[in-house]
Amino acid sequence: MKKNAIVYASTHHGNTKKLVEEIADCYDVALIDAEQVRHVDLSEYDIIGFASGIDFGKFYPSVERFLQENLPKGKKVFFLYTCAKVNKGFTKTMQVEALKKDAVLLGEYGCRGYNTYGPWKLIGGMNKNHPDRKELEGAVRFYRTLLENQK
Ligand SMILES: Cc1cc2nc3c(=O)[nH]c(=O)nc-3n(C[C@H](O)[C@H](O)[C@H](O)COP(=O)(O)O)c2cc1C
């Protein structure tokens, strides 16, 4: 059977980690924490996801650097993220970097995540209890559809 992996970083509140763990609970997928390891040989993986919280409109630097340094040419790639407010533009830089490696882009899934950045901290944060169950199930559904589309 082909192997899949998700490279992630989730340093703010572990919001994105909840998404990737939900997927890993349902499917055989290797999770790689880009905050813990800098280099992994990804050549054995068929589909590779990159997952992150959003920091000033972009994926975390550790995840972007991981892609730049480790993604082999021609892989199938997808993106997951949690953020204050969903915006498709958040994956733009990652898409550009992946395309430099001739990646095939399979899609993206984003949802809200608990956020206590700046003034939000003073009022207990925004998006409390997000990602919620519906959003976690949305991530699994996204992944399932992505796999089905490969058949
Ligand atoms: C320094 C900082 C910058 C952020 N910038 C954005 C942003 O530009 N857009 C957005 O929608 N959310 C932004 N957020 C919210 C986080 O992306 C959100 O809370 C996310 O779920 C955190 O994911 P994590 O817990 O997996 O690290 C920011 C949060 C922090 C702490």
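**Figure 1. R133, at 45% relative accessibility, counts as partly exposed.** Buried means under 20% relative accessible area, exposed over 50%, and partly exposed in between, with a 1.4 Å probe and protein chains only. The model is predicted: local features need pLDDT of at least 70 and side-chain atom pairs count only at pLDDT 80 or more, while totals for chains, interfaces and linings use all residues. Residues are numbered from 1 along each chain as its sequence is written, and side-chain values use heavy atoms, with hydrogens and water left out. R133 forms a salt bridge with E137, whose closest N and O atoms are 3.8 Å apart. A salt bridge here is a side-chain nitrogen of Lys or Arg within 4 Å of a carboxyl oxygen of Asp or Glu. The two residues are four apart in helix α4, so about one helical turn separates them. Helices (H or I, at least four residues) and strands (E, at least two) are DSSP runs, numbered from the N terminus. E137 is partly exposed as well, at 38% relative accessibility. A network of salt bridges links E22, R133 and E137.

**Figure 2. K3 and E44 form a salt bridge, with the closest N and O atoms 2.5 Å apart.** This pair links distant parts of the chain, 41 residues apart: K3 is in strand β1, and E44 is in the loop between β2 (29–33) and β3. K3 is partly exposed, with a relative accessible area of 38%, and E44 is partly exposed at 47%. Side chains of opposite charge can pair when their charged atoms come close. Nine salt bridges are found in a search of the whole structure.

**Figure 3. E97 and K100 meet in a salt bridge through their side chains, at 3.0 Å from N to O.** E97 is buried, with a relative accessible area of 12%, whereas K100 is exposed at 53%.

**Figure 4. Strand β3 (residues 45–55) is largely enclosed by the rest of the structure, because ten of its eleven residues are buried.** Two strands pair if DSSP finds at least two bridges between them. Strand β1 (residues 3–9) runs parallel to β3 and is joined to it by seven bridges; N4 has I47 in β3 as its bridge partner. Seven bridges also join β3 to the parallel strand β5 (residues 76–83), where Y81 stands opposite S52. Strand β4 (residues 58–59) runs antiparallel to β3, with two bridges, and F59 in β4 stands opposite I54. A hairpin is formed by β3 and β4, with two residues between them; F56 in the turn has a positive phi of about 50 degrees.

**Figure 5. T16 is found in helix α1 (residues 15–26).** T16 counts as buried, at 1% relative accessibility. The side chains of T16 and T82 are joined by a polar contact of 2.9 Å. A polar contact is a pair of N or O atoms within 3.5 Å; within protein, one must be able to donate a hydrogen and the other to accept it, and residues adjacent in sequence count only if both atoms are side-chain atoms. A polar atom of the T16 side chain also lies 3.2 Å from the backbone nitrogen of G53.

**Figure 6. An oxygen atom of the ligand is 2.6 Å from an N or O atom in the side chain of Y60.** Another view shows a backbone N or O atom of Y114 2.8 Å from an oxygen atom of the ligand.
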